[in-house]
Amino acid sequence: MLPLPQYESLAAAAHGHLCAGQILGLRMAVYGLRLLGIEDPAGADRKRLVTFVEIDRCATDAIPIVTGCRLGKRALKFRDFGKVAATFCDLRDGRAVRLVARESAKQRARELHPEIESRNRQQMAAYREMPDGELFEAQWVRVEIGPEDLPGYRAPLAVCSRCGEAVAFRREVMVEGAPVCRACAGERYYTPL
Ligand SMILES: [Zn+2]
Ligand SMILES: [Zn+2]
């Protein structure tokens with residue numbers, strides 16, 4: 001793993017700016033990997049990890065910088081729970097740790113750096129220095145990941161019996177014995193015009 005300042009430059013380039021959320025996300029990923037004993041996420045341990053993230057905010061963008069887990073590689077999973085939390089799963093040992101950012105970290109940042117007026121800069125400074133335990137609550141968990149959710153899964157596509165679109169990774173549902181995509185089954189988030 002790289003030192004934090006190096007991760008910060010990579011995160012700033014990927015995210016468009018450096019912010020407190022980026023630093024929090026980097027610290028979260030480094031801590032998660034350390035708890036799992038994963039030392040070389042970009043190299044030898046490249047295929048060991050799947051990460052679940054629970055919010056689509058700044059911190060989430062920073063996590064793949066450390067873990068290498070990306071959405072398009074199926075190693076990053078988004079569960080929209082609205083929480084600054086992530087679960088790091090070691091596929092080799094079947095262990096997983098869920099980290100939640102502590103709300104109290106913001107107050108701690110105010111105490112540590114009252115001299116910094118900008119809230120973002122104040123939190124950036126504090127989140128670089130604070131011990132892991134003040135930033136995050138850690139919880140060991142079990143995560144069941146089906147083969148169809150793992151990177152590298154291969155199976156024939158289904159074809160939706162209603163719209164004719166192809167559906168991968170067993171995301172179809174069976175309705176009266178026929179495969180139907182989730183949109184046609186009622187989960188459509190858009191309205192055709
Ligand atoms: Zn940001
Ligand atoms: Zn369909």
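Which residues of helix α5 (residues 119–129) are buried? They are Q122, Q123, M124, A125, A126 and Y127. Buried means under 20% relative accessible area, exposed means over 50%, and partly exposed lies in between (1.4 Å probe, protein chains only). Helices (H or I, at least four residues) and strands (E, at least two) are DSSP runs, numbered from the N terminus. The cover over the buried residues of α5 includes α2 (20–36), α4 (104–112) and α6 (132–135). Contact here means heavy atoms within 4.5 Å.

This is a predicted model: local features need pLDDT of at least 70, side-chain atom pairs count only at pLDDT 80 or more, and totals for chains, interfaces and linings use all residues. Residues are numbered from 1 along each chain as its sequence is written, chains are lettered from A and ligands numbered from 1 in the order in which they are written, and side-chain values use heavy atoms, with hydrogens and water left out.

**Zinc sites**

Donors are N, O and S atoms within 2.8 Å of the metal (3.2 Å for Na, K and Ca); water is not among the atoms, so sites may look incomplete.

| Zinc ion | Protein donors | Distance | Spacing |
|---|---|---|---|
| ligand 1 | H15 (NE2), H17 (NE2), C19 (SG), C58 (SG) | 2.2 to 2.3 Å | H-x1-H-x1-C-x38-C |
| ligand 2 | C160 (SG), C163 (SG), C181 (SG), C184 (SG) | 2.3 Å | C-x2-C-x17-C-x2-C |

Around the zinc ion (ligand 2), the 4 donor atoms subtend angles of 101 to 114 degrees, so the arrangement is tetrahedral. C163 sits in the loop between β6 (158–159) and β7 (166–167). C181 sits in the loop between β9 (178–180) and α7 (183–187). The pair is 18 residues apart and links distant parts of the chain. C163 is partly exposed at 35% relative accessible area, whereas C181 is buried at 9%.

Around the zinc ion (ligand 1), the angles run from 90 to 143 degrees, so the arrangement is irregular. Four donors count as tetrahedral if all angles lie between 85 and 135 degrees; four count as square planar and six as octahedral if opposite donors are over 155 degrees apart and all others between 65 and 115; anything else is irregular. H17 is partly exposed at 40%. C19 is buried at 7%.

**Strand β3**

In strand β3 (residues 85–90), 6 of the 6 residues are buried, so the strand is largely enclosed by the rest of the structure. A85, T87 and C89 lie on one side, and A86, F88 and D90 on the other. Two strands pair if DSSP finds at least two bridges between them. Strand β1 (residues 49–53) runs antiparallel to β3, joined by 5 bridges. L49 stands opposite D90. Strand β4 (residues 95–101) also pairs antiparallel with β3, over 6 bridges. There, A85 stands opposite V100. β3 and β4 form a hairpin with 4 residues between them. In the turn, G94 has a positive phi of about 70 degrees.
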